Amino acid sequence: MRFSILLFFLYKILRWASKHKPAYSNYIGSIHEVRIMIKTADGKHGRLFIFDKGAVSSRSGARQGYDAAIIWSDAGTGFRVMASRKDEEQFKAAAAGRMKLDGMAFFAQWFNDGVKLVM
Amino acid sequence: MASINGGHLVGKYLKEIEKIDIVFGISGGHLESILDGFTEYKIRTIDVRHEQAAAMMAHAWSVYTGKPGVCFLTAGPGFTNGLTGIANAYLDNAPLVVLCGRAPIRDDLKGALQEMNQIEVVRPITKWAATCHDIRRIPEYLSIAFRNATGGRPGPVMLELPPDILNITVDESLVPMPSRSNPKYSVHPDDADLKAAAEIINNARKPLFIGGSGVGFSRCSGQLEQFIEKSGIPFMLMNYGRGELPDNHPLSVMDMGNLGLFFSIGQNDVIIAAGLRFNWLLQFGKIIPPTVKIIRIDIDPQEINRNVEAHVGLVGDTGSVLDQLTPLVKKNDHSAWMNTLKSAGRSLLDYELRMRETASDPIHPIRLVAQIQKFVGDDAVYIADGGDTQYFGLAGFMSRQKAGVVASAAGLLGCLGTGIPFGMAAKLARPDKKVVVLNGDGSFGFNGMEFDTMVRHGIPVVCVINNDCAWGMIKHSQELSIGKDRLQCSELGLIHYEKMVEGLGGYGEFVTKDEEIVPALERAFASGKPACINVMTDPTVTSPATPLFYQSLKM
Ligand SMILES: Cc1ncc(C[n+]2csc(CCOP(=O)(O)OP(=O)(O)O)c2C)c(N)n1
Ligand SMILES: [Mg+2]
């Protein structure tokens, strides 16, 4: 639950930043339709972030198609690591096999770097 | 009194002093006496079909043998066709010696055939360029050329040889050859810097060694092995440094790929970068946070603090710097850190690792690479050329050979078309090894005609085309930037390159299904001919290199 709420707030923040934070809106730029999924491995929790020509939109749920996905072993880990906002925690989670990337891994990194500009 | 012409003097110098026994080029009237000099002094010539291939082959020869590569270009168009190869060698710091014809000096400014100011054109892309005006000074000029190509940080040089000195004779006794070849020397860093570097290394908890082409050109596998095994530091070798220690060395973290490196580089506390430029591919060093201590080893002092300030800079040839550094370094064990890096890499590359193991229809490019690797093995030389293709080749091929996996188009010039010339040079340099070129379909077009060269000279390279019917990297980048509905100049369509190769006398296969890959490879190698396996792959797949490239151009 906390994980889903965190993803929802993340969406709200990114959407706001895309309109009001020049550094972020410049960062996401005019890229055409890139879809980033953040979800748990069991597919129970997830949210899709869509970046299209400078706009950010989102849909809840883990079933939609994506270009890249950040997949957490469980919602607790996802919440803890994402809320920590630390690269080191992400790295440790990856090393422990608790965070995996799917699809175009570069975009997952791109997404994370963008979040850093906002937070 | 024996007389000798200028062209024979060139051959004599190359053979007797520099021990050159192979050269690459295309004939031309201006070069005739040099060509005869090659015959006289038994220097093998590989005559290609476009001069850029000659320059690229000579460049690659230096990569695979550690010796300077020599190409010959005729005046005018031969020269201009060679320019791309020269520029590529310049940006790759490769010791390429270009012998170039020229319109007669006698006829300067009169409108002679192929008269142009070649020296001014080539100067910005060479370490040294000059015209020899005196037949008696040919050995001296050649000696300067080789000295410049190989001394310090290597690079291309060009010597222009006009008919005025090639097509006349001189009493041989008046032109003595140098009695010794150029002296070997190395540059050493300051003792205080060595100590400072050792201290950082000895206190490191999460170190990583990254080696680039400087490691390859230094031919320092022995010194590198001693340093790595004593310090226990995990390592990754890139560019022409790859394979200086085998990819499967116990401390290699090669398998985490560039992606793993990008993701984890900030987690190291110490980075030792040797013979590696912090250029755009490393985002000018910006991906390394300031908290990470950086030790840089480079033969060129200009590189030490370029883009990012190093905590310690060790100027010198990588091998000799490591020779001095290793005794100061404590024996250590960083295997826990290495395992952490590797397992993080596995999570980040999870998708790619799965795709390698999964037969798919259409074929995923990384699956194609994995199947090639499975069949050909790690005692082979791999070259990848293309846009996305180059990424997949670099990520998926593993070799025990020096420079065993090279993405020839991933150098600073990003020069498509280099794969086939590199493959030919690799096969000539290491005839007993299997050589595979993984080519993008677009890239194949630049030097595909060199299959004729391979057939004439018996150079059985196997070229596998990762055919997405497009200039894929550009197509996918356009999809991101201008949208799928406005693609421009980025699609190629289905072309039967294998038939073209058959027409040139090589062996061809067309593959559309996963299960056909290995049998096609089997037949291609068994044919003993230069071969082209044209494999249709998934045109929707993009490599991580594409958005990286896209981002680098965003203003
Ligand atoms: C000589 C040259 N021309 C053009 C380019 C621009 N370019 C970079 S990647 C690319 C597409 C390469 O297509 P292909 O070889 O088919 O490889 P793919 O990306 O499809 O795997 C192009 C045209 C270049 N780098 N070099
Ligand atoms: Mg292509």
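A:E33 sits in the chain A loop that runs between α2 and β1 (34-40), with helices (H or I, at least four residues) and strands (E, at least two) taken as DSSP runs and numbered from the N terminus. This is a predicted model, where local features need pLDDT of at least 70 and side-chain atom pairs count only at pLDDT 80 or more, while totals for chains, interfaces and linings use all residues. Residues are numbered from 1 along each chain as its sequence is written, chains are lettered from A and ligands numbered from 1 in the order in which they are written, and side-chain values use heavy atoms, leaving out hydrogens and water.

- A:E33 isn't a glycine, yet its phi is positive, at about 40°.
- Over in chain B, the peptide bond from B:D361 to B:P362 is cis, with omega near 0°.
- That proline, B:P362, is in the loop between α15 (350-357) and α16 (365-376) of chain B.

**Around ligand 1**

- B:T389 puts a polar side-chain atom 2.5 Å from an oxygen atom of the ligand.
- A polar backbone atom of B:G472 is 2.7 Å from an oxygen atom of ligand 1.
- For B:M473, a backbone N or O atom lies 2.8 Å from a ligand oxygen atom.
- On its own, ligand 1 has 580 Å² of accessible area (Shrake-Rupley method, 1.4 Å probe), and the protein covers 78% of that.

**Where chain A meets chain B**

- The contact (heavy atoms within 4.5 Å) takes 25 residues from chain A and 30 residues from chain B.
- Together the two chains bury about 2200 Å², 64% of it on carbon and sulfur atoms; buried area here is the accessible area (1.4 Å probe) that two parts lose on being put together, summed over both.
- A:H32, A:F91 and A:F106 supply 31% of the area chain A buries against chain B, more than any other three residues.
- The interface has one salt bridge (a side-chain nitrogen of Lys or Arg within 4 Å of a carboxyl oxygen of Asp or Glu).
- A:D102 forms a salt bridge with B:R354, with the closest N and O atoms 2.9 Å apart.
- On the chain A side, α2 (22-28), α4 (87-95), β5 (99-103) and α5 (105-118) each give two or more residues.
- α4(A) gives the most to that side, with six residues.
- The chain A side divides into 13 nonpolar, eight polar and four charged residues.

Conventions
Polar contact = N/O pair within 3.5 Å; in protein donor to acceptor, adjacent residues only side chain to side chain. Nonpolar A, V, L, I, M, F, W, Y, C, P; charged D, E, K, R; others polar.
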